[in-house]
Amino acid sequence: MLAIDGGPPSVDSEPFQWPFASEAIRNAVSEAMSDGSWGQYDGRWTRQLIELLKHNFQTAEAMLCSSGTIAVELALRGAGVPQDSEVILAGYDFPGNFRAIEAIGARPVLVDVVANGWVLCAEQLADALTPQTSAVIVSHLHGQIADLNQIQSVISEHNLNSQQKVVIIEDACQVPGGQLRGKPLGSFCDVSALSFGGSKLLSAGRGGAILTNRSDILQRAKIFAHRGNDAFPMCQLQAATLCPQFETLPEMTEVRHRKACRLIESTSSLDELVGLNQIVDETIPAYYKIPWLLKDRTPGWSRSELVNALKAEGLPVGEGFRGFLRRSPRRCRKTGTLVNSQIASQQTIVLHHPVLLESEDTLELVAAAIHKVVTNSR
Ligand SMILES: Cc1ncc(COP(=O)(O)O)c(C=O)c1O
């Protein structure tokens with residue numbers, strides 16, 4: 001019997017705890033407390049974190065801030081995106097990215113995501129570009145890696161013939177540790193954003209950063225953030241919790257990747273679900289969420305019923321983002337049909353990443369629970 005009908009849950013949800021304070025993290029925090037550095041605005045931990053970010057993401061510059069949400073806004077401001085210009089983003093994306101564009105006085109322009117996926121479609125990008133376009137925000141979402149090479153070539157071609165040069169902002173908030181063709185995600189574009197929120201793969205409870213190779217971008221972002229003091233700061237204790245996490249990130253990324261592939265494979269026989277397909281080769285994705293699309297017109301349960309039944313089985317699942325299709329045309333320009341973004345907004349189910357660091361046995365229980373619920377919903 002399904003747990004939602006009164007049966008026992010398939011999985012004990014106790015194991016899925018995140019973040020966990022390893023001994024190295026506890027030691028760093030305790031050191032920060034005992035040497036007095038925790039009280040400083042600019043101290044050894046924030047400085048060390050900036051160096052670790054530059055080293056691990058292979059960028060010339062890094063700036064810390066208070067969240068991924070503000071990191072995207074600082075990236076836009078650092079890139080010098082003019083008011084009243086157009087900024088392109090996917091019709092399905094983190095809601096704060098739309099708001100960041102509005103916050104700087106620019107106008108969001110929606111481009112569809114790839115079919116059966118969650119990331120901006122490079123083919124549809126060219127049609128959305130106008131002389132007013134100043135930037136594109138490209139997010140890697142739910143373990144799917146955007147086709148940055150293709151996006152970059154579309155933008156380079158546009159920039160050859162345009163006075164207003166378009167910058168690309170890579171939203172890498174969900175993918176620290178991931179790589180594309182041997183290069184770290186977050187290092188590809190003019191500027192990128194990271195989040196260190198409580199649920200994230202690198203976590204300080206709160207926090208964020210921007211990464212760039214362009215000193216002018218860093219300079220403008222710093223000037224905006226500086227109001228006599230840093231207006232969007234990260235403190236030494238946050239930085240102290242993050243520094244040791246770079247040691248374990250490569251191994252955790254590898255384990256998550258391996259287990260995500262197994263989980264996606266083990267649910268691929270289910271007619272009701274479409275699993276994740278990478279659209280680029282040679283990627284080591286980072287999995288903040290593992291996504292599925294509930295197939296359209298499947299008889300049986302709605303998405304929310306399915307999510308509730310999976311939650312009752314003990315799985316940490318959710319519905320993904322709401323997307324921007326319903327946003328008023330006064331607030332944004334919509335290009336193409338945005339049909340894939342609509343599907344992503346209405347049909348996505350995501351499983352939270354801590355599952356991927358659990359034992360093989362637990363992972364099998366998770367896969368079995370998905371099978372049980374999905375086949376019972378028919
Ligand atoms: C793609 C993406 N961008 C930005 C953010 C914002 O990060 P934060 O929660 O640190 O503000 C998130 C958070 O979930 C995200 O998933």
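1. In this predicted model, helix H9, which spans residues 245-266, packs with helix H12, residues 360-376, at an angle of about 30 degrees, and the axes of the two helices lie 10 Å apart. Angles under 35 degrees count as roughly parallel, and H9 and H12 are therefore roughly parallel to each other. The crossing in which H9 passes H12 is right-handed.

2. On the H9 side of this packing, the residues that meet H12 are Lys-259, Arg-262, Leu-263 and Ser-266, while H12 contributes Leu-363, Val-366 and Ala-367. Sorted by class, the contact of H9 with H12 holds 4 nonpolar residues, 1 polar residue and 2 charged residues.

3. The contact draws on Leu-74, Arg-77 and Gly-78 from H3, and on Ile-217, Leu-218, Arg-220, Ala-221, Phe-224 and Ala-225 from H7. By class, the contact of H3 with H7 comprises 6 nonpolar, 1 polar and 2 charged residues.

4. In total, 13 residues surround the ligand, and the closest of them are Ser-67, Gly-68, Thr-69, Phe-94 and Ser-195. The class make-up of this shell is 3 nonpolar, 9 polar and 1 charged residues.

5. At the level of the whole chain, the domain assignment gives domain 1 as 23-246 and domain 2 as 249-376. The centres of domain 1 and domain 2, taken over C-alpha atoms, are separated by 24 Å, and 42 residues of domain 1 are in contact with 41 residues of domain 2.

6. On the side of domain 1 that touches domain 2, the elements giving two or more residues are strand E2 (86-90), helix H4 (95-103), strand E3 (107-111), helix H5 (122-128), strand E6 (179-180) and H9. Strand E3 supplies the largest share of that side, with 5 residues. The residues on this side of domain 1 divide into 22 nonpolar, 12 polar and 8 charged.

How values were computed:
Residues numbered from 1 in each chain as written. Predicted model: local features only at pLDDT ≥ 70, side-chain atom pairs only at ≥ 80, totals over all residues. Near = placed C-beta within 6 Å. Nonpolar A, V, L, I, M, F, W, Y, C, P; charged D, E, K, R; others polar. Axes fitted to C-alpha atoms, helices over the stretch in contact; angles between N-to-C directions. Helix = DSSP H or I, 4+ residues; strand = E, 2+ residues; numbered from the N terminus. Parallel < 35°, antiparallel > 145°, perpendicular 65-115°, else oblique. Left-handed = near helix turned anticlockwise from the far one by under 90°. Contact = placed C-beta atoms within 7 Å. Domains from an automatic or database assignment.
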